[in-house]
Amino acid sequence: MKNKAFKRLIYGFLALFICISNFSFRIGDPVKRDSTGTGFKIKTIVIDPGHGGHDPGAYGSFSMEKNVTLAIGLKLQKAMQKELKDVNVIITRDNDQFVELHKRAEIANKNKGNIFLSIHCNSLASAHERVIVDYNKGRHGKKVPVYKTVSIPNRSGKGVLLLVYGFKRTGEQLEAIRENASILQEKNYKDYYSDSDDPTTAMVLNAYRDKYRKHSIHLADLINTEFTETDGRYSNGVKEQSLHVLANSGMPAVLIETGFINNSQEEEYLNSDEGQTEIVNSIIRAIKQYRREVEQTAP
Ligand SMILES: [Zn+2]
């Protein structure tokens, strides 16, 4: 009993020490103090254009999500290479190919990404209705209606939406954090994570998960603010959702729904050079702000 209590105390101190020394957060100032003294640098950003190949994603009236996400992703990569010169920019696909979700996270983890940005377009599901399309002649000359189910597109969705991983898939995410240990820039981290049943390991992994979650939400907030305040876009906000592609990346990750492809106005915007450039510039400004905060360089 005594031994157990003592162990618990040691683990508690250890977790507390790690939290304080590496990534303590002050309320209302979630990121600024985070890297104090650690010399943390954002070295690699991973851009993930959603869908591709045999997976078209959502449809608009003249375009497919996979092409829009690729166009925005490539523009974003180019802009980042130009504006964030010392950052390595990785893209999970640069042509119309299908990349499995776990592969995308794997690419991000293998390249030791510091930020993972998944680009998507939103759409609302069509409603299905049974309508009378014809009449057959029944017995005694009675008219018998012929029904057909038709889909009625719902074009009412509009605006951006920022998603960060929720808590449901924590097991997968902890695994990703564990595998991605080298990006944690924690010298003796491997000592902690070598034994997965060790409660200390769980505490360290949980602390990192909390850190990534806070960073993801903060980055998503910054991007959202750029979309709404600079571009005047409508926003559906920053939401937490358990998404496979985000759950498996052991780093701050945001999925950007850039607009509704089945809303004709937004489809035009998403396919236009101006629209895509506006989206890219907003993401770049937010990333620069985030980077300033985590690297604590002067604005
Ligand atoms: Zn999508």
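Reader: Which residues make the nonpolar surface patch of about 300 Å²?

Author: In this predicted model, local features need pLDDT of at least 70, side-chain atom pairs count only at pLDDT 80 or more, and totals for chains, interfaces and linings use all residues. Residues are numbered from 1 along each chain as its sequence is written, and side-chain values use heavy atoms, without hydrogens and water. A patch takes residues with over 30% relative accessible area and no salt bridge, nonpolar side chains (Val, Leu, Ile, Met, Phe, Trp, Tyr) being joined within 5 Å. The patch is made by Ile132, Tyr135 and Tyr147.

Reader: Is Tyr135 of strand β4 buried, partly exposed or exposed?

Author: Tyr135 lies in strand β4 (residues 127-137). Buried means under 20% relative accessible area and exposed over 50%, with partly exposed in between (1.4 Å probe, protein chains only). Because its relative accessibility is 43%, Tyr135 counts as partly exposed.

Reader: Which residues coordinate the zinc ion?

Author: Donors are N, O and S atoms within 2.8 Å of the metal (3.2 Å for Na, K and Ca); water is not among the atoms, so sites may look incomplete. The donor residues follow the spacing H-x13-E-x54-H. At 2.1 to 2.2 Å, the zinc ion is coordinated by His51 (NE2), Glu65 (OE) and His120 (ND1).

Reader: What is the average pLDDT of the chain?

Author: pLDDT is the predictor's confidence in each residue, from 0 to 100. A score of at least 70 is reached by 74% of the residues, and the chain average is 80.

Note on methods. Patch = residues over 30% accessible without salt bridge, like charges linked within 9 Å, V, L, I, M, F, W, Y side chains within 5 Å. Areas by Shrake-Rupley, 256 points an atom, 1.4 Å probe, with all protein chains shown as cover. Salt bridge = Lys/Arg side-chain N within 4 Å of Asp/Glu carboxyl O. Helix = DSSP H or I, 4+ residues; strand = E, 2+ residues; numbered from the N terminus.
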